[in-house]
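Reader: I've got the sequence and the model open side by side. Can we go through it question by question?

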Amino acid sequence: MKERLNTLNPMQREAVLKTDGALLLLAGAGSGKTRVLTHRIAYLIEQGVRPFNILAITFTNKAAREMKERVFNICEEGNQVLVSTFHSLCVRILRRDIDKIGYTNKFTIYDSDDSERLIKDIMKDYKINDDLLSPKAALNEIGRQKDKLITATTYAQNVDSDFRKKLIADIYIAYEERLKANNSLDFDDLIFKTVQLFVNNPDVLEYYQERFKYIMVDEYQDTSTSQYTLIKLLANKYKNICVVGDDDQSIYGWRGADINNILDFEKDFKDAQVIKLEQNYRSSKTILDTANFVIKNNFGRKEKNLWTENEQGSLINYEKCNSDREEAVFVANEILNKMKDGYSYKDFAILYRNNSLSRILEEQLVFLSIPYKLYGGVNFYGRKEIKDIISYLKVLENPDDEISLKRIINVPKRGIGDATILKASEYALNNNITLFEALSKADEISDLGRKTKSVVDFYSLISDFIKKAGELSIPDLIDYILYKTEYTEELRKEGTDEALGRISNLEEFVSKAVEYEESEEDVSLTKFLEEVSLVADIDSMEDGDNVVTLMTLHSSKGLEFPVVFIVGFEEGIFPTYRALTSGNPTDIEEERRLLYVGITRAKKELYITNAKSRLQHGRYINNATSSFFKEMPQELINIKEKPEKQKISFSTSEETSNKYRPQPSYKPNVSAYLKRDIPAPKNVFLDFQVGDTVKHFKFGQGTVLKIEPAGADYEVTISFDNVGEKKLMANLSKLKKA
DNA sequence: CTCCTTTGTCTTTTT
DNA sequence: GACAAAGGAG
């Protein structure tokens with residue numbers, strides 16, 4: 001043991017040895033905090049603490065898995081330590097005791113998509129115009145309340161005359177009622193209800209206080225009030241709690257993370273010891289200096305001085321490109337260049353502010369046959385076909401779940417449309433039963449007419465599935481559902497590439513179910529659904545693959561790469577338009593921290609790139625350089641700007657260079673978001689003029705009366721021979737000269 | 001009443 | 001360029 005402790009620096013060692021009481025570990029980027037945590041767990045076990053009594057909370061499942069492995073490598077008993085995310089931990093606790101707060105343990109977990117559907121339903125019921133308040137905004141506001149442990153009733157009591165808030169309060173109350181009726185919890189509830197369970201049932205709390213005598217929380221800067229409260233409750237008896245965080249890396253404020261948790265920790269645990277880890281083992285001096293220089297622009301930070309003994313390293317590369325295409329070409333070519341220096345694919349990461357920036361990069365990587373893996377974006381479990389089959393499974397588990405039920409009731413099409421669902425819902429409401437129960441009494445529902453049979457058939461289909469769920473393995477059950485509903489058959493008939501893609505996704509889902517059954521000892525549909533609900537894309541990341549990594553800056557937290565590209569360094573993208581216009585300076589500070597996170601991912605080389613013109617939402621946008629650029633130490637940056645109007649060498653679509661028109665030029669330094677309306681459509685060419693005869697695939701032949709630019713396309717007024725005058729979008733409706 | 005076609009909105013970031 | 005809601009045809 002002693003020998004192992006000698007591999008740690010004095011501060012790290014102190015943190016490992018301080019086993020009892022409260023410890024706040026302020027760990028700068030790359031300062032070896034994971035090392036400290038794993039050694040600390042191992043040390044606890046060697047000191048005689050039972051592994052069973054240790055709880056470690058991480059931010060992702062991936063981090064949990066890795067930490068478990070690393071502890072296990074130091075000491076074998078380490079695999080009995082519970083390493084988990086907040087959400088997984090809470091589900092575990094709730095499955096045992098949620099009946100004490102009025103749910104059953106077959107409860108369903110709603111993802112943000114499910115929650116939004118429920119909000120939409122409610123707003124429809126209440127006839128709330130969504131011009132006033134979008135379902136997303138309402139859901140977001142409600143989520144932030146839950147993060148702060150504010151119930152619907154409390155929220156409603158405290159809204160003053162604010163019309164919008166009153167509206168949200170009404171929705172919040174209804175939302176809670178419906179969730180309960182559906183026996184469902186949203187992500188935020190998982191934490192909130194666990195806290196409620198503990199507060200209302202001291203015996204349950206005490207059970208877990210005894211179980212988790214030693215608690216560690218990683219990424220503490222990203223915990224919300226509810227999460228912190230949960231931890232405080234658990235640690236309240238033995239007070240052996242160690243939290244590890246870095247206020248400069250707090251990037252989830254929008255999700256309810258509260259940076260004050262770091263400041264409050266010392267107040268709540270009066271004898272808390274504070275240890276700072278300030279030596280960075282990851283990055284070159286140049287990279288670290290740049291990061292430090294940038295983050296100094298934030299106010300209200302915990303004072304720290306991150307330093308390194310690493311070599312100076314090469315300058316930061318800043319590349320200003322003319323277009324997004326040019327930027328992608330640059331990044332891909334640069335990766336190939338660097339490969340000649342002995343790097344391999346897995347040494348590179350391309351990071352961006354939002355997922356939509358990944359597409360053009362992917363295209364270019366594919367074009368140059370550079371292997372890569374993209375994380376985030378459309379989550380595998382978020383795809384339509386996967387959500388559909390999961391909804392079937394959820395209904396079997398919990399027929400009260402009306403959101404999943406409504407999702408699949410007419411998928412594939414079986415003649416149960418909105419009107420029928422509405423009648424059944426009304427019947428359910430009037431008789432105080434669930435929608436699913438109402439379906440079983442289809443014959444009693446008035447004016448269902450000939451639709452009664454469709455409903456009866458659907459009900460017996462689901463009943464059969466419920467019966468089969470008890471008999472078949474999960475993969476077999478999925479296959480059975482896909483077969484009986486003719487889901488796969490429908491797709492096969494469709495025959496398009498898209499449909500075939502969906503079929504292979506479904507096949508992959510079945511394989512995942514097989515994998516699940518093989519990897520777990522204690523297999524159940526409940527647990528499978530739980531796992532599926534709580535995985536993030538990043539969790540699938542494996543070290544083995546030698547491929548370039550593409551991900552958002554948010555997802556990159558906690559990772560490191562020899563060479564990092566930060567692309568789209570443009571005002572309006574990074575920092576995001578929302579932060580620039582919110583009027584809240586802390587939003588910009590959070591963007592700056594995100595940049596800090598991005599910079600500190602790099603070990604040896606850092607590239608920052610941007611484009612003067614970028615295709616967004618189907619039109620070209622001209623962005624100024626990110627205002628963060630001038631906050632970087634210019635003497636550490638190698639600035640390169642591509643010459644204007646350089647010939648674009650590569651294009652994926654058929655819009656070849658002769659079709660390419662020069663972009664209109666705008667005044668620099670004006671965020672393109674402020675000039676959204678671009679005068680003339682580009683990349684759309686009409687081979688007809690006013691007076692010509694054109695052909696439409698449906699309306700047939702007609703004469704062009706008028707052509708007007710409209711966004712990225714032209715609006716064409718045509719007098720059709722058969723259907724009269726119509727206004728159509730030229731590109732969209734594929735008009736052709738006759 | 002359902003289904004298909006057309007129109008509108010969207011884009012932060014994720015457990 | 002993607003997808004859901006609205007709108008119109010059968």
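Reader: Which helix gives the most to the surface near DNA strand B?

Author: Keep in mind that this is a predicted model. Around DNA strand B there are 28 residues, with Thr 420 and Lys 423 among the closest. Helix α19 covers residues 418-430, and with 4 residues the top contributor to that surface is helix α19.

Reader: How far is a phosphate oxygen of DNA strand B from an N or O atom in the side chain of Lys 423?

Author: Let's line up a few phosphate contacts on DNA strand B. Asn 355 uses a polar backbone atom, 2.8 Å from a phosphate oxygen. Thr 420 brings a side-chain N or O atom to 2.7 Å from a phosphate oxygen. For the side chain of Lys 423, the distance is 2.6 Å.

Reader: Are α6 and α7 roughly parallel or roughly perpendicular to each other?

Author: Helix α6 (residues 112-125) packs on helix α7 (residues 135-147) with the axes 9 Å apart and an angle of about 110°. An angle of 65 to 115 degrees counts as roughly perpendicular. The two helices are therefore roughly perpendicular.

Reader: How do the residues of the contact of α6 with α7 divide by class, and how many are charged?

Author: On the α6 side you'll find Glu 116, Ile 119 and Lys 120, among others, meeting α7 residues that include Lys 136 and Leu 139. The contact has 6 nonpolar and 2 polar residues, and the charged ones number 3.

Reader: And how many charged residues are in the contact of α10 with α11?

Author: Helix α10 (residues 187-200) and helix α11 (residues 202-211) have axes 5 Å apart, at about 105°. Leu 197, Phe 198, Val 199 and Asn 200 of α10 make the contact with Pro 202, Val 204, Leu 205 and Tyr 208 of α11. By class that is 7 nonpolar and 1 polar, and the charged count is none.

Conventions:
Residues numbered from 1 in each chain as written. Chains lettered and ligands numbered in written order. Predicted model: local features only at pLDDT ≥ 70, side-chain atom pairs only at ≥ 80, totals over all residues. Heavy atoms only, no water. Axes fitted to C-alpha atoms, helices over the stretch in contact; angles between N-to-C directions. Contact = heavy atoms within 4.5 Å. Nonpolar A, V, L, I, M, F, W, Y, C, P; charged D, E, K, R; others polar. Parallel < 35°, antiparallel > 145°, perpendicular 65-115°, else oblique. Near = heavy atom within 4 Å. Polar contact = N/O pair within 3.5 Å; in protein donor to acceptor, adjacent residues only side chain to side chain.
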